[in-house]
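Have a look at the model first, then read on.

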Amino acid sequence: MIRAATGQSVERTPVWLMRQAGRILPEYRAVRASLSGFKELVETPELAAEVTIQPVDLLGVDAAIIFSDILVIPDAMGLPYRMEKGVGPIFDNTISEVSDVAKMKIADPGDDLKYVTDAIAITKKELNGRVPLIGFAGAPWTILSYMVEGKGSKTFSEARKFLYTEPKGAHELLDKIADSTIAYLKAQIEAGADVIQLFDSWAGILPKHQYLEFGLRYINKICDAISEVPITVFAKGAWFALKEIGEINCNTIGLDWHTTPAMARNLVGGEKTLQGNLDPCLLYASEDELVKGTIEMLENFGKERHIANLGHGVYPDTNPEKVKLFINTIKDYKF
Ligand code: CP3
């Protein structure tokens with residue numbers, strides 16, 4: 001995976017899945033059921049390490065991704081979240097005006113996020129070099145969206161309203177999130193993360209000019225600050241900004257299923273690795289259709305500079321046997 005990310009030759013395409021550590025595995029649900037909730041799992045390093053390694057042992061993926069959440073950053077900046085069963089994340093306090101932004105602090109990873117770096121250190125030791133460990137964070141725009149909205153949303157119109165009504169406050173907050181994220185990612189790398197991925201899950205809801213101003217500007221700042229390990233930018237829905245994403249100081253660009261490999265390659269040029277992008281819903285189709293679609297994806301990206309993945313996180317009700325078929329089809333494919 002590291003060789004694919006840095007443009008070196010590979011014997012086959014590497015593969016992992018976004019959200020591979022999670023509810024698709026009964027073994028994950030068993031660990032989770034013994035606890036008070038999601039947050040306790042995230043904040044208990046030994047258990048977070050255990051569920052991080054589960055997909056490596058049980059599914060055979062080529063990378064582990066540390067079990068955590070993007071919402072640990074708002075938590076560390078002064079806005080705690082809780083995970084409500086059947087609802088998702090909830091923030092009891094939110095950002096609604098500039099004076100709220102001033103109350104947010106820059107996260108201190110050595111203090112506020114030690115449970116993540118401890119989990120990384122334990123995972124690295126237990127992986128013992130079998131596969132690389134991916135560290136991650138949310139991109140500033142997506143984090144701002146949750147801090148303003150206070151929960152998930154279909155439109156994120158409160159967060160989008162904030163960009164129009166408080167543009168200066170938005171920039172101040174995005175800058176604080178970016179600085180917190182840089183410190184956090186550096187701490188993850190120091191603890192042992194081999195690759196970093198930025199998740200901009202809500203990139204696709206902004207018009208292009210706003211995404212460049214409020215989204216990519218801060219992804220740029222983070223990527224310019226992280227040169228220790230390869231970095232992946234996954235900006236979901238941001239096909240309209242792929243050319244600009246191709247100019248960022250990153251190694252890999254994550255793609256959702258809205259983009260064809262040819263379109264992405266054409267827009268970003270030959271200097272970046274592409275990651276993705278099978279439709280996660282194809283894992284609900286027949287085995288034959290899944291194998292056919294997976295091989296088509298491999299052939300369309302080509303052997304070099306591709307890391308196979310889905311176009312977004314695997315859905316919790318996906319049959320793990322289908323996930324294994326996806327992974328094994330990639331591992332067995334000969335170019
Ligand atoms: O396996 C992995 O990918 C590593 C772990 C991981 C989780 N969340 C665990 C999780 C990662 C990388 C994330 C990222 C994340 N979290 C994103 C960006 C990626 C994306 O999907 O777009 C976002 C937007 C979040 C915020 C978040 N966390 C939401 C909206 C929810 C609720 C929805 C849901 O899936 O239940 C979560 C909860 C969450 N994060 C779960 C897991 C395994 C499920 C909670 C549970 O086990 O009860």
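Y284 is partly exposed, with a relative accessible area of 40% (between 20% and 50%; buried is under 20% and exposed over 50%, with a 1.4 Å probe and protein chains only). This is a predicted model, where local features need pLDDT of at least 70, side-chain atom pairs need 80 or more, and totals for chains, interfaces and linings use all residues. Numbering starts from 1 along each chain as its sequence is written, and side-chain values use heavy atoms, leaving out hydrogens and water.

**Aromatic pairs**
- Eleven aromatic pairs turn up, counting Phe, Tyr and Trp (six-membered) rings with centres within 6.5 Å; planes under 30 degrees apart are stacked, over 60 edge-to-face, the rest tilted.
- F199 and F234 sit edge-to-face, 6.3 Å centre to centre with 85° between the planes.
- That pair links strand β5 (195–200) to strand β6 (231–235), with the partners 35 residues apart (strands are DSSP E runs of at least two residues, helices H or I runs of at least four, numbered from the N terminus).
- F199 is buried at 14% relative accessibility, and F234 is buried at 0%.
- Y284 and Y315 are stacked, because their ring centres are 6.5 Å apart and their planes at 5°.
- Y284 is in the loop between β8 and α15 and Y315 in the loop between β9 and α16, so the pair ties together parts 31 residues apart in sequence.
- Y315 is partly exposed too, at 28%.

**A ring cluster**
- Y28, F38 and F67 are joined into a cluster by ring pairs.
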